Amino acid sequence: MSGSSDRFGGLRDKVTDGLYGLGWATVKKLPEPVARGLGRRIADTAWKRRGKSVLRLESNLARVVPDASPQRLAELSRAGMRSYMRYWMESFRLPTWSRKRAASSFDPKDIHHLTDGLASGRGVVLALPHMANWDLAGVWVTRALGVPFTTVAERLKPETLYDRFVAYRESLGMEVLPHTGGSAFGTLARRLRAGGLVCLVADRDLSASGVEVSFFGEPARMPAGPAILAQQTGALLLPVTLWYDDTDVMRGQVHAPIDVPESGTRAEKTSVMTQALADVFAGGIADHPEDWHMLQRLWSADLEQRQEGGTA
């Protein structure tokens with residue numbers, strides 16, 4: 001039985017990797033209107049099937065917009081899937097974009113928080129939730145500002161798929177470190193002490209050492225890394241939120257720095273800073289809930305339900 005299961009898992013991994021490979025090879029060659037229309041059709045088909053990811057997205061959005069009617073939640077989840085597929089269609093095509101196209105496709109507000117921080121030589125940690133297209137924001141930083149940065153990637157299965165993502169992001173000018181392995185934190189700290197830039201997607205804890213926060217009024221855990229890096233290296237911690245509107249240009253906001261508290265233990269300071277980060281994320285997500293691509297469990301109550309044998 002186990003041999004059969006292993007073979008099935010290997011086949012599934014090969015199919016998954018093959019589909020992503022097809023996306024990268026094919027979508028970037030399509031005319032842009034065709035690619036955009038394809039993404040919308042895929043999103044609408046997935047939404048109509050009401051699979052686990054769509055139901056989880058809708059459940060998450062119910063916490064973000066607690067007074068929404070079932071009809072409103074359905075509208076939000078459909079818009080959310082379209083936003084999510086826009087992310088994928090853009091990402092498949094990003095490697096073919098010119099420097100000018102990349103620079104004109106993102107319009108962040110208050111970018112001075114970032115540029116001033118880098119000019120000071122302190123180093124900067126940008127922390128983002130899973131909103132709109134964080135890869136596009138990264139390309140804008142490398143191509144419009146000409147600033148390289150380091151980030152961390154979740155290890156995906158199959159390993160060949162993870163390798164594709166690393167190669168893709170490195171082709172866009174990013175230094176990518178694996179989330180697992182133990183050496184990432186030290187490398188990030190060295191980059192920051194040298195005055196560099198680190199970008200981290202930070203609204204979902206992938207470790208067992210996350211910080212408990214109140215997020216839309218309920219307990220959740222978020223990664224401690226951004227706050228600890230800022231404390232240990234003296235780098236600025238800047239939250240960033242992203243969203244789409246009705247144009248071809250993604251919008252964004254670089255928020256004011258989250259300061260390190262003057263007193264308290266490291267754990268207490270980390271808790272205060274991570275809660276402040278969660279509050280900024282919550283504000284951006286509440287303003288643009290359809291652009292928050294959280295198709296996984298996030299809140300502690302949902303994670304505990306899974307551990308107890310609940311459904312997705």
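1. Two strands count as paired if DSSP finds at least two bridges between them; strands (E, at least two residues) and helices (H or I, at least four residues) are DSSP runs, numbered from the N terminus. On those terms, Lys109 stands opposite Gln253 in strand β9. Strands β1 (residues 106–109) and β9 (residues 250–254) run parallel and are joined by 4 bridges.

2. On the source: this is a predicted model, in which local features need pLDDT of at least 70 and side-chain atom pairs count only at pLDDT 80 or more, while totals for chains, interfaces and linings use all residues. Residues are numbered from 1 along each chain as its sequence is written, and side-chain values use heavy atoms, with hydrogens and water left out.

3. The open sheet has 7 strands with mixed pairing, in the order β1-β9-β8-β2-β5-β3-β4. Its edge strands, β1 and β4 (174–178), each pair on one side only. Neighbouring strands are turned by 25 degrees against each other on average, direction ignored. Axes here are lines fitted to C-alpha atoms, for helices over the stretch in contact, and angles run from 0 to 180 degrees between N-to-C directions.

4. Strand β1 has two faces: Phe106 and Pro108 are on the covered one, Asp107 and Lys109 on the uncovered one.

5. Helix α9 lies across β2 (124–128), β3 (149–153), β4 and β5 (197–201), and runs at about 150 degrees to β4. Gly186 has its place in this helix, residues 184–193. With a relative accessible area of 27%, Gly186 is partly exposed, because that class lies between buried (under 20%) and exposed (over 50%), using a 1.4 Å probe and protein chains only. The C-alpha atoms of Gly186 and Leu229 are separated by 9.4 Å, the two residues being 43 apart along the chain.

6. Leaving aside neighbours within four places in sequence, Trp292 is in contact (heavy atoms within 4.5 Å) with residues including Leu57, Pro129, Phe215 and Trp299.

7. His293 sits in the loop between α11 (266–287) and α12 (300–307). His293 is buried, with a relative accessible area of 4%. Its side chain reaches the backbone oxygen of Ala132 at 3.4 Å. Not counting residues up to four places away in sequence, His293 touches Gly80, Ser83, Tyr84, Tyr87, His130, Ala132 and Trp134.

Definitions and conventions
A polar contact is a pair of N or O atoms within 3.5 Å; within protein, one must be able to donate a hydrogen and the other to accept it, and residues adjacent in sequence count only if both atoms are side-chain atoms.
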